[in-house]
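Please look through the sequence and the 3D structure below, and then read the report that follows with both of them in view.

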Amino acid sequence: MRAAKEIPQGQNAYEWIRALLGVAVSIILVFTFAVRIVSVSGESMRETLQDGDRLLVLNALWCGDYRPGDIVIVGQAFSDQETIVKRVVATAGQTVDIDFETGSVYVDGTELDEPYIRERTYTPEGVTFPLTVPEGCVFVLGDNRNDSKDSRHIELGAVDTRKILGKAVFVLIPGKTAELDQRELSRIGSLN
């Protein structure tokens, strides 16, 4: 009969530390190069997103081209905010026009069907329309159009895609809804 092999003192602790360091490095790499978590601040994306929502964001490096309907995070958009969360409405070469009397948004002459917006678009913010989106840029609007600083605002205009940090893909932790002042856990899930 063989005697049980003796484990040198401290080897178990070494193996545990090595495993934990491997996990920590993996998590750091994933959150540095693949995804990040971003908090929604403000009411500009109601009803799609609420103030305080925590979003899983696919880093720009992995997003490819942005398409109308994508919810993106723009870094250093305005001097008073670090990031903003908005929806892409038009991409490079497309022409955006807004009829502020009817609240309708048009891209390349076609009125957008926007079931996700809180209300139609009635507030101009200084940009002159129609506007053709320059190469390398996108035109973004908040879903809560009349309470949103977005591409209509003269300070922002069309957004250079190099300023986009990534695309929101998932609601991880819902913030409190404005109407109920409570978290709706049913809102956890992917963003379409």
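Contact means that heavy atoms lie within 4.5 Å of each other.

## Basis of the model

This is a predicted model, in which local features need pLDDT of at least 70 and side-chain atom pairs count only at pLDDT 80 or more, while totals for chains, interfaces and linings use all residues. Residues are numbered from 1 along each chain as its sequence is written, and side-chain values use heavy atoms, with hydrogens and water left out.

## Surroundings of Asp-70

Asp-70 lies in the loop between β2 (54–59) and β3, where strands are DSSP runs of E with at least two residues, numbered from the N terminus. Leaving aside residues up to four places away in sequence, Asp-70 touches Asp-65, Lys-86, Arg-87, Val-88 and Lys-167.

Although Asp-70 is buried, it has no salt bridge, and the nearest side chain of opposite charge, that of Lys-167, is 4.1 Å away. Buried means under 20% relative accessible area with a 1.4 Å probe, counting protein chains only, and a salt bridge needs a side-chain nitrogen of Lys or Arg within 4 Å of a carboxyl oxygen of Asp or Glu. The side chain of Asp-70 does reach the backbone nitrogen of Arg-67, at 2.8 Å.

## Strand β4 and its partners

Eight of the nine residues of β4 (residues 83–91) are buried, so this strand is largely enclosed by the rest of the structure. Five bridges join β4 to the antiparallel strand β3 (residues 71–75), with Arg-87 as the bridge partner of Ile-71; two strands pair if DSSP finds at least two bridges between them. Strand β9 (residues 137–141) also pairs with β4 in the antiparallel sense, over four bridges, and there Phe-139 is the bridge partner of Ala-90.

Conventions. Buried < 20%, exposed > 50% of the residue type's maximum accessible area, 1.4 Å probe, protein only. Lys, Arg positive; Asp, Glu negative; His and termini not counted. Polar contact = N/O pair within 3.5 Å; in protein donor to acceptor, adjacent residues only side chain to side chain.
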